[in-house]
Amino acid sequence: MSLVVGLREALENTDHRRGYGQFVIGELCMQLGDYQSAIGYFEDFVVRVTQGRVAMQVTLQSEIRRAKKQLVWLRKRRVE
């Protein structure tokens, strides 16, 4: 688990944390059980890439779908 923590910290402290980096950090947060942070990263990722260039949306369509799926799961979990 310490490797995942280290990866998260490294990504959070880089300029490359926006866009795809937000998706990756969201996934790392899921692995760590930090669901509140995961929600924030996935929401920011979806907003950023779906309001950007169409080419980016097409390129990242699988990641967008996964982030949205994770958000549904996280929001259901938060309600329970």
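Helix α2 gives way to Gly-33, a residue with a positive phi near 80 degrees; helices are DSSP runs of H or I of at least four residues, numbered from the N terminus. The model is predicted, so local features need pLDDT of at least 70 and side-chain atom pairs count only at pLDDT 80 or more, whereas totals for chains, interfaces and linings use all residues. Residues are numbered from 1 along each chain as its sequence is written, and side-chain values use heavy atoms, with hydrogens and water left out.

**Helix α2**

- Helix α2 covers residues 20-32, 13 residues in total, and spans 19 Å from its first C-alpha to its last. This is close to the 18 Å expected at 1.5 Å a residue, the expected span being 1.5 Å times one less than the number of residues.
- The buried residues of α2 are Gly-21, Gln-22, Phe-23, Ile-25, Gly-26, Glu-27, Leu-28, Cys-29 and Met-30. Buried denotes under 20% relative accessible area, exposed over 50%, and partly exposed the range in between, with a 1.4 Å probe and protein chains only.
- Gln-22, found in helix α2, is buried at a relative accessible area of 10%.
- Not counting residues up to four places away in sequence, Gln-22 touches Arg-17, Tyr-41, Asp-44, Phe-45 and Arg-48, where contact means heavy atoms within 4.5 Å.

**Nonpolar core**

- The largest nonpolar core comprises 16 residues, and those with the most contacts inside it are Ala-38, Phe-42, Phe-45, Ala-67 and Leu-74. Such a core is a set of buried Ala, Val, Leu, Ile, Met, Phe, Trp, Tyr and Cys residues joined through side-chain atoms within 4.5 Å.
- At least two residues of this core come from each of α2, α3 (35-50) and α5 (61-79). Helix α3 gives the most to this core, with 7 residues.
- Phe-45, leaving aside neighbours within four places in sequence, is in contact with Gly-19, Tyr-20, Gln-22, Phe-23, Leu-60, Glu-63, Ile-64 and Ala-67.

**Salt bridges**

- The structure contains 4 salt bridges, each defined by a side-chain nitrogen of Lys or Arg within 4 Å of a carboxyl oxygen of Asp or Glu.
- Glu-12 and Arg-8 form one of them, with the closest N and O atoms 3.0 Å apart. The two residues are separated by about one helical turn, because they lie 4 residues apart in helix α1 (residues 2-12).
- Glu-12 is partly exposed, with a relative accessible area of 23%, whereas Arg-8 counts as buried at 14% relative accessibility.
- Asp-34 also forms a salt bridge with Arg-8, the closest N and O atoms being 2.8 Å apart. Asp-34 lies in the loop between α2 and α3 and Arg-8 in helix α1, so this pair ties together parts that are 26 residues apart in sequence.
- The relative accessible area of Asp-34 is 23%, which makes the residue partly exposed.
- Glu-43 and Arg-75 meet through their side chains in a salt bridge of 2.6 Å, N to O. This pair links distant parts of the chain, with Glu-43 in helix α3 and Arg-75 in helix α5, 32 residues apart.
- Glu-43 counts as partly exposed at 30% relative accessibility, and Arg-75 is partly exposed with a relative accessible area of 35%.
- Through shared partners, salt bridges join Arg-8, Glu-12 and Asp-34 into one network.
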